[in-house]
Amino acid sequence: MQEIDPDNKLANDFTGGEKFFKQLIDAGVGDKDFIQEIVVMFVKEAEHTIHDLNESVNEKNLSGIKMNAHKLKSSFSMFDLTGILDLIKKLENLTEGSVNESDMIFADLASQASSAFKIIKLKYL
């Protein structure tokens with residue numbers, strides 16, 4: 001595992017699932033290899049869901065936006081990424097009248113998620 005840049009605001013706010021992973025290890029359910037497997041699966045699935053979310057945003061498909069945002073919520077919760085979670089909640093709460101706001105919210109979400117993935121990989125892989 002590598003050190004994270006101390007000047008990176010997201011990195012400084014990032015607790016990275018330490019509480020969740022500590023609970024797994026303390027319960028005898030996981031070790032370093034198991035945690036790495038979880039991280040790899042998280043990043044792969046989250047990237048895929050973000051891709052699907054992007055398609056729904058481009059199509060202004062409200063039900064697709066809400067479904068994909070909901071899929072992301074629990075995964076990002078595990079890593080204590082509250083800024084991203086706030087954006088996910090905004091997408092989940094969109095209405096037909098506000099669906100045009102999804103472009104800006106998604107752009108911010110995609111940018112923050114990309115940074116988070118880098119930090120998570122540096123920390124755990």
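Me: Rings of Phe, Tyr and Trp (its six-membered ring) count as a pair if their centres lie within 6.5 Å; planes under 30 degrees apart make the pair stacked, over 60 edge-to-face, and the rest tilted. How many aromatic pairs does a search of the whole structure find?

Reply: The search finds five aromatic pairs. One of them joins Phe-42 and Phe-117 edge-to-face, with 5.8 Å from centre to centre and 70° between the planes. Distant parts of the chain are linked by this pair, as Phe-42 sits in helix 3 and Phe-117 in helix 6, 75 residues apart. Before we go on, please note that this is a predicted model, where local features need pLDDT of at least 70 and side-chain atom pairs count only at pLDDT 80 or more, while totals for chains, interfaces and linings use all residues. Residues are numbered from 1 along each chain as its sequence is written, and side-chain values use heavy atoms, with hydrogens and water left out.

Me: Are Phe-42 and Phe-117 buried or exposed?

Reply: Start with the cut-offs: buried means under 20% relative accessible area, exposed means over 50%, and partly exposed is in between (1.4 Å probe, protein chains only). Phe-42 has a relative accessible area of 5%, so it is buried. Phe-117 is at 6%, so it counts as buried too. Phe-117 also forms an aromatic pair with Phe-76, and this one is stacked, at 6.1 Å centre to centre and 25° between the planes. Because Phe-76 lies in helix 4 and Phe-117 in helix 6, that pair ties together parts 41 residues apart in sequence. Now step back to the group: Phe-42, Phe-76, Phe-79, Phe-117 and Tyr-124 form one aromatic cluster.

Me: You keep naming helices. How many helices and strands are there in the protein?

Reply: Helices (H or I, at least four residues) and strands (E, at least two) are DSSP runs, numbered from the N terminus. Here there are six helices and zero strands.

Me: How can I check the length of helix 6?

Reply: Compare its end-to-end distance with the expected span, which is 1.5 Å times one less than the number of residues. Helix 6 has 23 residues (102–124), so it should span 33 Å, and its end C-alpha atoms are 31 Å apart, which agrees. Several of its residues are buried, among them Leu-109, Ala-113 and Phe-117.

Me: Which residues of the largest nonpolar core touch the most other members?

Reply: A nonpolar core is a set of buried Ala, Val, Leu, Ile, Met, Phe, Trp, Tyr and Cys residues joined through side-chain atoms within 4.5 Å. The largest core has 34 residues, and Phe-42, Phe-76, Phe-79 and Leu-109 touch the most other members. Helix 2 (18–26), helix 3 (32–59), helix 4 (62–78), helix 5 (82–92) and helix 6 each give two or more residues to this core. Helix 3 gives the most, with nine residues. Across the protein, buried residues make up 38% of the 125 residues.

Me: What about charged side chains?

Reply: Side chains of opposite charge can pair when their charged atoms come close. A salt bridge is a side-chain nitrogen of Lys or Arg within 4 Å of a carboxyl oxygen of Asp or Glu. The whole structure holds three salt bridges. In one, the closest N and O atoms of Asp-26 and Lys-22 are 2.6 Å apart. Asp-26 and Lys-22 are four residues apart in helix 2, so about one helical turn separates them. Asp-26 is exposed, with a relative accessible area of 56%.

Me: Where do Asp-103 and Lys-60 lie?

Reply: Asp-103 forms a salt bridge with Lys-60, at 2.7 Å between the closest N and O atoms. Asp-103 is in helix 6 and Lys-60 is in the loop between helix 3 and helix 4, 43 residues apart. Asp-103, at 35% relative accessibility, is partly exposed. Glu-92 forms a salt bridge with Lys-73, where the closest atoms are 3.0 Å apart. Glu-92 is buried, with a relative accessible area of 16%, while Lys-73 is partly exposed at 24%.

Me: Which residues does Gly-17 touch, not counting those up to four places away in sequence?

Reply: Contact means heavy atoms within 4.5 Å. By that rule Gly-17 touches Met-78, Phe-79, Asp-80 and Tyr-124. Gly-17 lies in the loop between helix 1 (9–13) and helix 2, and it is buried at 0% relative accessibility.
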